[in-house]
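The following paragraphs lead the reader from the overall fold to one helix, and then to the ligand site.

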Amino acid sequence: MTDNFGNELARRSRLGPGDGEGKDGGNAGLESGTATKVRPKTKRPSLYRVLLLNDDYTPMEFVVLVLQDVFNKTREDAMRIMLHVHNQGVGECGVYPFEVAETKVTRVMDSARKNQHPLQCVMEKQ
Ligand code: TYC
(Lines give C-alpha, C1' and ligand atoms only; values in the text may rest on other atoms or scores of the structure.)
Protein backbone atom coordinates (compact mmCIF):
# COMPACT_ATOMS: atom_id res chain seq x y z
CA MET A 1 0.00 0.00 0.00
CA THR A 2 1.62 3.24 -1.06
CA ASP A 3 -0.90 5.87 0.03
CA ASN A 4 -1.43 7.35 3.46
CA PHE A 5 -4.73 5.59 3.95
CA GLY A 6 -3.46 2.03 3.96
CA ASN A 7 -2.72 2.05 7.67
CA GLU A 8 -6.02 3.73 8.42
CA LEU A 9 -8.00 1.13 6.48
CA ALA A 10 -6.12 -1.67 8.21
CA ARG A 11 -6.79 -0.07 11.61
CA ARG A 12 -10.50 0.23 10.86
CA SER A 13 -10.79 -3.37 9.74
CA ARG A 14 -9.06 -4.55 12.92
CA LEU A 15 -11.62 -2.67 15.01
CA GLY A 16 -14.70 -4.30 13.53
CA PRO A 17 -17.58 -5.28 15.89
CA GLY A 18 -16.82 -8.45 17.82
CA ASP A 19 -13.10 -7.98 17.56
CA GLY A 20 -10.71 -7.31 20.41
CA GLU A 21 -12.30 -5.15 23.07
CA GLY A 22 -15.64 -5.15 21.38
CA LYS A 23 -17.72 -2.11 20.68
CA ASP A 24 -18.18 -1.20 24.32
CA GLY A 25 -14.48 -0.52 24.63
CA GLY A 26 -13.59 -3.49 26.80
CA ASN A 27 -16.19 -2.61 29.39
CA ALA A 28 -18.17 -5.73 28.50
CA GLY A 29 -21.61 -5.40 30.06
CA LEU A 30 -20.30 -4.04 33.38
CA GLU A 31 -22.46 -0.96 33.33
CA SER A 32 -25.46 -0.17 31.13
CA GLY A 33 -24.57 -2.59 28.40
CA THR A 34 -24.95 0.27 25.96
CA ALA A 35 -22.58 0.11 23.02
CA THR A 36 -20.28 3.04 23.65
CA LYS A 37 -17.10 2.17 21.77
CA VAL A 38 -15.86 5.34 20.18
CA ARG A 39 -14.35 4.87 16.79
CA PRO A 40 -12.65 8.18 15.98
CA LYS A 41 -14.25 9.31 12.77
CA THR A 42 -11.49 10.17 10.31
CA LYS A 43 -12.28 11.73 6.96
CA ARG A 44 -10.01 11.41 3.99
CA PRO A 45 -9.59 14.90 2.57
CA SER A 46 -10.95 15.58 -0.91
CA LEU A 47 -8.08 16.17 -3.30
CA TYR A 48 -7.74 18.96 -5.83
CA ARG A 49 -5.59 19.16 -8.95
CA VAL A 50 -3.76 22.45 -9.43
CA LEU A 51 -3.44 23.36 -13.11
CA LEU A 52 -1.43 25.95 -15.00
CA LEU A 53 -2.89 27.42 -18.18
CA ASN A 54 -0.88 28.48 -21.20
CA ASP A 55 -0.82 32.03 -22.53
CA ASP A 56 1.26 33.80 -25.17
CA TYR A 57 3.02 36.34 -22.94
CA THR A 58 4.26 34.89 -19.65
CA PRO A 59 8.00 34.17 -20.02
CA MET A 60 8.93 30.48 -19.90
CA GLU A 61 11.55 31.24 -17.25
CA PHE A 62 8.93 32.81 -14.97
CA VAL A 63 6.76 29.68 -15.20
CA VAL A 64 9.74 27.44 -14.44
CA LEU A 65 10.61 29.53 -11.37
CA VAL A 66 6.99 29.40 -10.15
CA LEU A 67 6.95 25.62 -10.50
CA GLN A 68 10.19 25.37 -8.51
CA ASP A 69 9.19 27.88 -5.80
CA VAL A 70 5.50 27.14 -5.27
CA PHE A 71 5.31 23.47 -6.23
CA ASN A 72 8.79 22.40 -5.07
CA LYS A 73 9.67 20.92 -8.45
CA THR A 74 13.22 20.25 -9.56
CA ARG A 75 14.49 22.44 -12.39
CA GLU A 76 14.10 19.44 -14.72
CA ASP A 77 10.50 18.64 -13.69
CA ALA A 78 9.59 22.33 -13.81
CA MET A 79 10.93 22.58 -17.37
CA ARG A 80 9.02 19.45 -18.41
CA ILE A 81 5.72 20.72 -16.92
CA MET A 82 6.18 24.21 -18.39
CA LEU A 83 6.81 22.78 -21.87
CA HIS A 84 3.80 20.47 -21.50
CA VAL A 85 1.58 23.47 -20.68
CA HIS A 86 3.15 25.49 -23.50
CA ASN A 87 2.44 22.70 -26.02
CA GLN A 88 -0.86 21.29 -24.72
CA GLY A 89 -2.51 24.39 -23.24
CA VAL A 90 -2.90 23.08 -19.70
CA GLY A 91 -0.95 20.93 -17.27
CA GLU A 92 -0.99 19.58 -13.73
CA CYS A 93 1.36 21.02 -11.11
CA GLY A 94 0.25 18.73 -8.29
CA VAL A 95 -2.65 17.26 -6.30
CA TYR A 96 -3.36 18.53 -2.78
CA PRO A 97 -6.00 18.86 -0.06
CA PHE A 98 -8.29 21.89 -0.59
CA GLU A 99 -6.51 24.46 1.56
CA VAL A 100 -3.04 23.54 0.29
CA ALA A 101 -4.24 23.74 -3.32
CA GLU A 102 -5.96 27.07 -2.62
CA THR A 103 -2.79 28.55 -1.09
CA LYS A 104 -0.69 27.46 -4.07
CA VAL A 105 -3.16 28.95 -6.56
CA THR A 106 -3.12 32.23 -4.60
CA ARG A 107 0.70 32.30 -4.50
CA VAL A 108 0.92 31.77 -8.27
CA MET A 109 -1.76 34.38 -9.06
CA ASP A 110 -0.27 36.96 -6.66
CA SER A 111 3.21 36.48 -8.14
CA ALA A 112 1.90 36.68 -11.72
CA ARG A 113 -0.04 39.89 -10.97
CA LYS A 114 2.90 41.48 -9.15
CA ASN A 115 5.11 40.78 -12.19
CA GLN A 116 2.40 41.86 -14.64
CA HIS A 117 2.16 38.46 -16.34
CA PRO A 118 -1.23 37.04 -17.45
CA LEU A 119 -0.41 33.54 -16.12
CA GLN A 120 -3.50 31.71 -14.88
CA CYS A 121 -3.60 28.95 -12.25
CA VAL A 122 -6.76 27.07 -11.28
CA MET A 123 -7.80 24.13 -9.11
CA GLU A 124 -10.36 21.42 -9.78
CA LYS A 125 -11.74 18.64 -7.62
CA GLN A 126 -10.07 15.38 -8.59
N1 TYC B 1 3.53 30.15 -23.86
C2 TYC B 1 4.46 30.96 -23.08
C3 TYC B 1 5.54 31.53 -24.00
O4 TYC B 1 5.68 31.10 -25.14
C5 TYC B 1 5.11 30.14 -21.97
C6 TYC B 1 4.14 29.63 -20.98
C7 TYC B 1 4.22 28.32 -20.52
C8 TYC B 1 3.15 30.47 -20.44
C9 TYC B 1 3.35 27.84 -19.57
C10 TYC B 1 2.28 29.99 -19.47
O11 TYC B 1 1.51 28.21 -18.08
C12 TYC B 1 2.38 28.68 -19.05
N13 TYC B 1 6.30 32.49 -23.49
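Contact, as the word is used here, means heavy atoms within 4.5 Å. The model under discussion is predicted.

The chain contains four helices and three strands. Followed along the sequence, these elements give the pattern α-β-α-α-β-α-β. Of the 126 residues of the chain, 27% count as buried. The chain exposes about 8,900 Å², and carbon and sulfur atoms supply 50% of that area. Among the contacts in the chain with a separation of 6 or more, 67% are accounted for by residues 24 or more positions apart.

The buried residues of H4 are Ala101, Lys104, Val105, Val108, Met109 and Ala112. They cover an arc of only 125 degrees around the axis, and therefore lie on the same side of H4. Glu99, Arg113 and Lys114, on the other side of the helix, are exposed.

What covers the buried residues of H4? The cover includes strand S1 (47–53), helix H2 (60–71), strand S2 (90–97) and strand S3 (120–125). Just after H4, glutamine 116 adopts a positive phi of about 60 degrees.

The description now turns to the ligand. Around it stand Leu53, Asn54, Asp55, Thr58, Met60, Val63, Met82, Val85, His86 and Leu119. Helices H2 and H3 (75–88) each supply at least two residues of this shell. H3 gives the most, with three residues.

Which residues place polar atoms opposite nitrogen atoms of the ligand? In asparagine 54, an N or O atom of the side chain is 2.8 Å from a nitrogen atom of the ligand. In threonine 58 the polar atom belongs to the backbone, and a ligand nitrogen atom is 2.9 Å from it. Histidine 86 has a polar side-chain atom that lies 2.9 Å from a nitrogen atom of the ligand. On its own, the ligand has 350 Å² of accessible area, and the protein covers 89% of it.

Methods. Residues numbered from 1 in each chain as written. Predicted model: local features only at pLDDT ≥ 70, side-chain atom pairs only at ≥ 80, totals over all residues. Heavy atoms only, no water. Buried < 20%, exposed > 50% of the residue type's maximum accessible area, 1.4 Å probe, protein only. Arc of directions from axis to C-beta. Near = heavy atom within 4 Å. Polar contact = N/O pair within 3.5 Å; in protein donor to acceptor, adjacent residues only side chain to side chain. Areas by Shrake-Rupley, 256 points an atom, 1.4 Å probe, with all protein chains shown as cover.
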